[in-house]
2 protein chains.
Amino acid sequence: MLLSCTVLCANAQELTNFAFGRKPIVSPEVKNDSVTFRLKADYATIVSMYGSWMPSYFDKIDLKRGENNIWSVTIPAPTPEIYTYNFIVDGVAVSDPNNVLMQRDGTRYLSMLLIDGERSENYKEANKRGTVSHVWYDSEILGINRRMTVYTPYGYETNKKATYPVLYLLHGGGGDEEAWTSMGRAAQILDNLIEKGLAKPMIVVMPNGNPEQQAACTLNLPVKEIDRKDPANANLYVTSLVKEIIPFVEKNYRAIPKKSARAIAGLSMGGGHTIAATNLFPGTFDYICPMSCGMRDADGIDASLQAVKKAGYKLYWIGCGTADFAWPGTQTMVELLNRNGLEHTLFSSDGGHVWYNWRYYLNTFAQLLFK
Amino acid sequence: MLLSCTVLCANAQELTNFAFGRKPIVSPEVKNDSVTFRLKADYATIVSMYGSWMPSYFDKIDLKRGENNIWSVTIPAPTPEIYTYNFIVDGVAVSDPNNVLMQRDGTRYLSMLLIDGERSENYKEANKRGTVSHVWYDSEILGINRRMTVYTPYGYETNKKATYPVLYLLHGGGGDEEAWTSMGRAAQILDNLIEKGLAKPMIVVMPNGNPEQQAACTLNLPVKEIDRKDPANANLYVTSLVKEIIPFVEKNYRAIPKKSARAIAGLSMGGGHTIAATNLFPGTFDYICPMSCGMRDADGIDASLQAVKKAGYKLYWIGCGTADFAWPGTQTMVELLNRNGLEHTLFSSDGGHVWYNWRYYLNTFAQLLFK
């Protein structure tokens with residue numbers, strides 16, 4: 001018996017490659033301390049590229065046309081990290097067709113570049129890996145059925161009696177429930193930290209922080225319009241998070257239903273959600289980690305922070321880059337926490353409002369949780 | 001209190017869009033019976049496109065430059081289905097930057113187009129949706145830890161005592177463990193069929209059928225070379241499927257561990273795997289659904305099929321397009337099944353070796369399983 005299909009399919013794939021003008025071109029190629037990018041572009045006039053290691057979106061590197069119309073450029077390898085990049089062919093942004101590794105950042109699909117090193121070590125696959133699930137739940141508060149991403153650590157399925165603490169990990173503006181597992185490498189970071197004994201085994205819940213949206217990238221689930229100017233709607237999402245998502249998780253997973261087993265963290269808009277959830281529902285979380293966001297010295301802030309202080313918490317960990325536009329707002333946050341006598345840790349790093357900082361922060365504060 | 005971040009992030013997104021030369025351009029736009037595709041390409045000389053509704057990969061449609069260098073073309077809407085397409089800008093394949101809906105077909109990311117209608121109805125999101133998980137398991141037979149995709153139907157988490165039959169759903173050459181949930185819309189098809197009462201609630205297990213590969217699209221999990229010319233290695237994957245994946249699923253999920261609750265189906269290479277698993281391990285599956293693949297009149301085939309016949313099964317369902325290159329092999333399969341007295345159903349459709357057929361087949365045979 002068996003199987004002419006294998007051979008035939010290989011041919012179909014080759015046919016496809018041929019039709020798309022592709023041959024086995026290596027891109028990106030990391031060699032010694034340099035990286036070469038290549039793109040076959042027969043009829044292009046100008047090919048350039050942008051990479052997330054460049055200081056500004058307005059920076060570009062030009063590629064040069066070589067043999068067989070393969071354009072290329074070799075640059076010194078940036079410091080160890082995961083970066084994203086895209087080509088620009090006669091003015092149009094193009095992902096690298098020879099690189100199957102992509103990340104979706106909101107509406108954009110970007111090609112990935114790994115530079116190996118200590119900083120990126122935990123962003124790669126560990127030996128023992130947890131499960132990543134895309135789960136739907138009903139939100140009565142938002143009036144829609146919604147998707148979230150849930151990470152359960154290695155061993156969750158087999159250690160059927162083990163219970164786990166939960167980190168609620170929130171994305172920023174333009175993101176969705178897939179941001180932390182795509183751009184954020186959250187599963188890999190947790191896998192590595194847990195495998196190395198640096199973090200407690202935990203469940204990580206990554207909801208969708210856009211209250212109008214049922215799920216990212218669906219064919220047909222309409223958004224439900226919310227009047228964001230109506231103050232009554234200001235905290236719908238964080239209310240849903242605390243009143244609906246947490247009970248759902250604690251009912252359907254082997255999650256420890258206690259303040260001491262709940263952490264909340266988020267970046268940018270999700271940092272704002274972290275602060276709002278904490279201030280509106282003091283006593284829910286023992287671990288509070290806003291990143292790359294500010295706090296305003298607004299009416300009622302002292303009363304809110306006093307309530308957080310009274311309810312108690314174990315960790316208030318703030319991450320921000322010194323070049324982040326949220327850095328001044330972070331300073332205000334620190335002042336407000338100091339004014340109200342809330343102990344906290346400020347963790348600052350180089351750089352701005354970018355994923356390489358948020359991965360770094362997760363890799364850092366996750367080691368401090370539930371201990 | 002609250003949250004300058006939201007506003008600031010919106011600005012960052014706008015900055016990004018601006019830097020990438022993007023403005024709110026609608027593409028694709030389905031209106032009445034036509035579809036318009038648009039692409040802003042300031043410096044391009046030729047912009048064309050390919051869509052999966054076209055008869056051949058060599059077909060192209062030209063776009064015309066319009067105001068503000070927005071290139072566009074309007075075509076009659078193809079018949080209801082999900083299609084993929086890409087632009088070709090001065091010779092380089094480009095996905096549609098204004099369309100966040102993408103499917104990964106092996107190494108290629110393609111933009112999606114939905115044309116609404118009866119045929120595509122079940123490819124959209126249902127009201128009640130199951131969970132899609134990415135789960136790792138150890139294969140001693142293949143010597144690697146591997147990822148598979150598992151669909152559990154709506155209600156699996158809450159009906160904690162319910163048990164379920166399992167469909168093992170296999171991809172083709174060039175695919176991986178994400179093929180059926182991306183290109184195949186398997187979760188949506190099952191959600192819809194189950195919600196409408198047309199299919200039994202079932203678990204769907206979608207393993208990775210490339211025995212060298214640990215998982216699709218990882219940064220750092222090396223393939224484990226297998227000498228495919230060594231006959232001893234010919235059936236490593238299907239052996240692992242039956243001896244390792246099935247026990248893993250029946251241990252870790254509420255799966256009914258019986259032949260009558262096991263179905264196997266696959267397309268192309270996965271059709272070959274379906275036949276191989278069935279012939280090598282008769283009595284494992286009651287439902288056998290090879291698609292778009294052939295069977296060879298090779299040594300031992302009669303003995304294998306007699307063993308399948310003797311072990312018994314409830315459904316042998318074969319799907320193939322009449323324009324598929326596997327159609328002649330399908331004819332041979334039918335002859336061999338007839339020669340050995342194995343009852344079967346041949347379901348043929350228009351068209352060739354393409355996803356719109358495989359979605360259609362899944363939508364068809366899933367209604368026949370476990371009944």
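Buried means under 20% relative accessible area. The views below are taken from a predicted model.

**View 1. Strand 16 of chain B and its side chains.** Strand 16 spans residues 287-291 of chain B and is mostly covered, with 5 of its 5 residues buried. In a regular strand the side chains alternate between the two faces of the sheet. In strand 16 of chain B, Tyr287(B), Cys289(B) and Met291(B) point one way. Ile288(B) and Pro290(B) point the other way, and all of these residues are buried.

**View 2. Pairing of strands 15 and 16 in chain B.** Strand 15 of chain B (residues 262-267) pairs with strand 16 of chain B in the parallel sense, over 5 bridges. Leu267(B) stands opposite Met291(B) of strand 16, and Met291(B) is buried.

**View 3. Strand 11 of chain A against strand 11 of chain B.** The two strands, residues 131-139 in chain A and residues 131-139 in chain B, run antiparallel and are joined by 3 bridges. Ser133(A) stands opposite Ser133(B) in strand 11 of chain B.

**View 4. The interface of chain B and chain A.** The contact takes 89 residues from chain A and 89 residues from chain B. About 7700 Å² is buried between the chains, 65% of it on carbon and sulfur atoms. On the side of chain B that touches chain A, helix 1 of chain B (residues 4-19) supplies the largest share, 11 residues. By class, that side of chain B has 44 nonpolar, 29 polar and 16 charged residues.

Notes:
Residues are numbered from 1 along each chain as its sequence is written. Chains are lettered from A and ligands numbered from 1 in the order in which they are written. This is a predicted model: local features need pLDDT of at least 70, side-chain atom pairs count only at pLDDT 80 or more; totals for chains, interfaces and linings use all residues. Side-chain values use heavy atoms; hydrogens and water are left out. Contact means heavy atoms within 4.5 Å. Buried area is the accessible area (1.4 Å probe) that two parts lose on being put together, summed over both. Helices (H or I, at least four residues) and strands (E, at least two) are DSSP runs, numbered from the N terminus. Ala, Val, Leu, Ile, Met, Phe, Trp, Tyr, Cys and Pro count as nonpolar, Asp, Glu, Lys and Arg as charged, and the others, Gly among them, as polar. Two strands pair if DSSP finds at least two bridges between them. Buried means under 20% relative accessible area, exposed over 50%, partly exposed in between (1.4 Å probe, protein chains only).
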